[in-house]
Amino acid sequence: MEFQYQANPTPLAEADRAKVLADPGFGQYFTDHMVTIEWTADVEGQNKAFEAGEYLNMVGDWSDARVEPFGPLSLSPAAAVLHYAQEIFEGLKAYRHDDGSVWTFRPYKNAARMNRSAHRMAMPQLPEEAFVKALEELMARDGAWVPNGEGQSLYLRPFMIATEEFLGVRPARNFNFHVIASPAGNYFGGELKPVSIWVSRDFARAGEGGTGAAKFGGNYAASLAAQLQGASRGHDQVIFLDRSPEDSLEELGGMNVFFVTKDNKLITPKLTGTILEGITRDSILQLGKDEGLDVQERSITFNEWKDGVASGDIQEVFACGTAAVITPIGQVADLEEVHTTPSTDFPVANTLRNRLVGIQTGHEEDIYGWMHRLA
Ligand SMILES: *Cc1c(COP(=O)(O)O)cnc(C)c1O
């Protein structure tokens, strides 16, 4: 796939960019350019596939790949995404290494996951090579936006939306894929500060057969009421249960969850189809094995958490995802009952975080070939 380039005629001046990069926060500033690739259905080809039983085969073509100035999209008010929410996204980071080169972490995993999300949401597949090339093309232009401060990175946000002007309910025939980029500061200001979690009893994020395993914007919309309910009682994040009689744990609104036991087990809920398959989760499972931990993916109930932290069998609890890497969970509140995590210094979470961040920032050997150079 060839990308055209249309330079931003008014890029942010270098001195202003330096000011932004000194304290970028998260998701507030955007680089000078963005990627756009357009998809158009081949209706005849799609009908053939449909008749052959391949009803989720979105036949069509990607075209007009370009890097263009970051700016508002022009969409019809009848664009399908605005009504029926055919929207999926990804999130990964670009890191500046000490020699000035720019790298990202396991981007083919994100590309493959976006295609799994697309499949669930009846959206087209983007070839994995094109996904990764889009990141490279954007970084060829906006590489100077990757900060080099401690814990800083450039957050990359690929996403796909239904742009067809049509109010009928069926998969759209036009989609856009975009990548935008936003400099991100150190999430924790250097130290791991344990957060307080609220158990969502009133709201579910996902359900069996639903969209929980897709990185679908609507899942986030569905999590906000619970997030506000928890926040109104002073909690930082929410954990969702599977709403079965067993109350098995699922995940937070945008992070997976892990437990460390006193006999060195590292446990995370198994992927059931309602949990998002985090790439950080997958990487931590590998790094945990390397640390000699007994790694387990299985169902874990809320009672096991509550009893485990009370008896001391569970020593550490943490959440993980690209944005915050690893977040220690200091306590969990179930209405008025508060269950406190025994560990206060989270040694295992810290070790795993340091190894992961070490690989991402080029300070530790990348033995699994996880890093991909972008610029
Ligand atoms: C993105 C996401 C995660 C974390 O995935 P990573 O690939 O590790 O960033 C976890 N849960 C949900 C619901 C997510 O959307």
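How many residue pairs are in polar contact between domain 1 and domain 2? The count is 13, with both residues at pLDDT 80 or more; a polar contact is a pair of N or O atoms within 3.5 Å, where within protein one must be able to donate a hydrogen and the other to accept it, and residues adjacent in sequence count only if both atoms are side-chain atoms.

Before the close-ups, a short note: this is a predicted model, in which local features need pLDDT of at least 70, side-chain atom pairs count only at pLDDT 80 or more, and totals for chains, interfaces and linings use all residues. Residues are numbered from 1 along each chain as its sequence is written, and side-chain values use heavy atoms, leaving out hydrogens and water.

View 1. Phe-89, Phe-105 and Arg-113 supply 31% of the area that domain 1 buries against domain 2, more than any other three residues.

**View 2. Salt bridges cross the interface of domain 1 and domain 2.** The rule finds 3 of them here, a salt bridge being a side-chain nitrogen of Lys or Arg within 4 Å of a carboxyl oxygen of Asp or Glu.

**View 3. Lys-215 sits in a loop between strand E9 (195-200) and helix H6 (217-232).** Helices (H or I, at least four residues) and strands (E, at least two) are DSSP runs, numbered from the N terminus. An unreviewed UniProt entry annotates Lys-215 as "modified residue: N6-(pyridoxal phosphate)lysine"; such annotations may be inferred rather than shown by experiment. Lys-215 counts as buried because its relative accessibility is 11%; buried means under 20% relative accessible area, exposed over 50%, and partly exposed in between (1.4 Å probe, protein chains only). Among the residues that Lys-215 touches, not counting those up to four places away in sequence, are Phe-89, Arg-113 and Tyr-220, where contact means heavy atoms within 4.5 Å.

**View 4. Arg-201 pairs with Asp-247 in a salt bridge.** Their closest N and O atoms are 2.9 Å apart. Arg-201 is in the loop between E9 and H6, and Asp-247 in the loop between strand E10 (237-241) and strand E11 (249-252), so the pair ties together parts 46 residues apart in sequence.

Notes: Buried area = accessible area lost by both parts, 1.4 Å probe.
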